Amino acid sequence: MSALYDLIVIGGGVNGAGVARDAAGRGAKVLLLEAGDLAGGTSSKSTKLIHGGLRYLEYAEFALVREALVERERLWAIAPHIVWPMRFVLPVSDGMRPRWMLRAGLFLYDHIGKREDLSATRTIRLKRDPAGKELLLGPTHGFEYSDCWVDDARLVVLNALDAARKGAEIRTREPVTSARRDADGQWQVVTEQGTYRARAVVNAGGPGADEVAGAMGRKPAFGLRRVRGSHIVVRRRFGHDRAYILQLPDTRICFAIPYEGEFTLIGTTDADHTGPLDNVEASEAEIAYLIEAFNANFADPIARADVVHSYAGVRALIDEGEDRPEAATRGYRLALSAKSEGAPVLGIYGGKITSYRHVAEEAVDMLGTRLDCLAKPAWTADAPLPGGDFPKLAQPILVRELQADYPFLSEAEALRIARAYGLDAVLWLGEAKTRADLGRDFGCGLSEAEVDYLHREEWAQTAEDILWRRTKLGLHMSAEQQADLREYLGA
């Protein structure tokens, strides 16, 4: 008979990895099952922001925004390598939301959360500020406020890595085919590779949560609205490091964000998604929409040929009957099965990346009412993620220390490594004295030592896992370099 786990988590996105980490840290025997790669879906295809959601104030989502703002500070503190502050410029445009409304919203944004080290909102005169020089003639005033950037895929991987270090078992590319309670009152979860038993199950399937529920012979506890958010990437357009949040005529907003040093990220859209969840792509209509949104605001226009990369993710939003997808709540719901049913199953529906840690904590707390092994104090609010045990304002110091310890690294390489691994960079840089000590060079600073580490410790199996999730070097490496990596990995 197979070993009995306390908890099986189905889904290796940010919520599933967060639950696995939290539960393992409370002493539970945990198994996480993911059908593809960690962060292979929505959790690697976000706008990559840890933010309160300024526009959600418009829909009176005050509690949601406050919770997210509190989490923004916590995530920056526990993961200062992959989370860092970013300033956003919000032009005041005629015919859009009036200046007084924006100022009132930003006042709330600054004060309803626990803003500590992030800079407050300020008013800017766009004709005098360098940020205004990038814009078309029109807006003369604007606001500048703070939010945070995150490497979304690495946030997932680091949660899974910490879960594994605390005893959890992480299995990727192992889709669940069915799950049923057995005669002993335990869950039997069946995959193509085997059958596993558990005292409880968490459905963290994200936009596929209803499909996971079906595999468990259950109806989804909440209706889900699948909303596709698409993004485009172009070569860097601005001569400064601030982002823009743009008001659009259809009342939506669009971001233009410095990305990976050499690029600008533009997004997102809100389109109902009715197709399959694998290989989700930005449609040509969405790409055209984002190009038009950018060109309506900036003096230096872009064309379809300028788009070097695009991606799309499907958000799982609670379906409450809103007419427009952008109006659907970004809140979440947790559904715990009745005690009379036997071994518990908890479903996670909806949510956003900023709130994942709080969602996981609440989910494990709920399960703790049914499983003694989880009835322990919450712990993740102050516990650093792997590599993040340093002060949240000290990222530049870490970059300098990496260059001092490994002089063969360029400043750009040291910055990338610091922002991916933090203090854990030493786990694969080791005692290297020269670049040759790291083995084969695949280009753009990606070494054999790093690739082997990602394969051995972070569940990376294919070149795409490494190029687009563990790193974003797919944007920088040539087709030939990427082919060499595929040949090395055999996938």
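Contact is taken here to mean heavy atoms within 4.5 Å. In this predicted model, Asp210, which is placed in helix α6 (residues 209-215), touches Pro220, Leu224 and Arg226 when residues up to four places away in sequence are not counted. With Arg226 the interaction extends to a polar contact between the two side chains, at 3.0 Å. Asp210 counts as partly exposed because its relative accessibility is 27%, a value that lies between the limits of under 20% for buried and over 50% for exposed.

Two of the residues touched by Asp210, Leu224 and Arg226, carry numbers that fall within strand β11, which spans residues 224-235. Val233, by contrast, is 31 Å from Asp210, C-alpha to C-alpha, with 23 residues separating the two in sequence.

Val233 has Leu265 as its bridge partner in strand β14, and β11 and β14 pair in the antiparallel sense over five bridges. Strand β14 is also joined by five bridges to strand β13 (residues 253-259), again in an antiparallel arrangement, and here the bridge partner of Phe255 is Gly267. In the hairpin formed by β13 and β14, three residues lie between the strands, and Glu260 takes a positive phi near 55°.

Strand β14 (residues 263-267) is mostly covered, with five of its five residues buried.

Definitions and conventions. Residues numbered from 1 in each chain as written. Predicted model: local features only at pLDDT ≥ 70, side-chain atom pairs only at ≥ 80, totals over all residues. Heavy atoms only, no water. Buried < 20%, exposed > 50% of the residue type's maximum accessible area, 1.4 Å probe, protein only. Helix = DSSP H or I, 4+ residues; strand = E, 2+ residues; numbered from the N terminus. Pairing = 2+ DSSP bridges. Polar contact = N/O pair within 3.5 Å; in protein donor to acceptor, adjacent residues only side chain to side chain.
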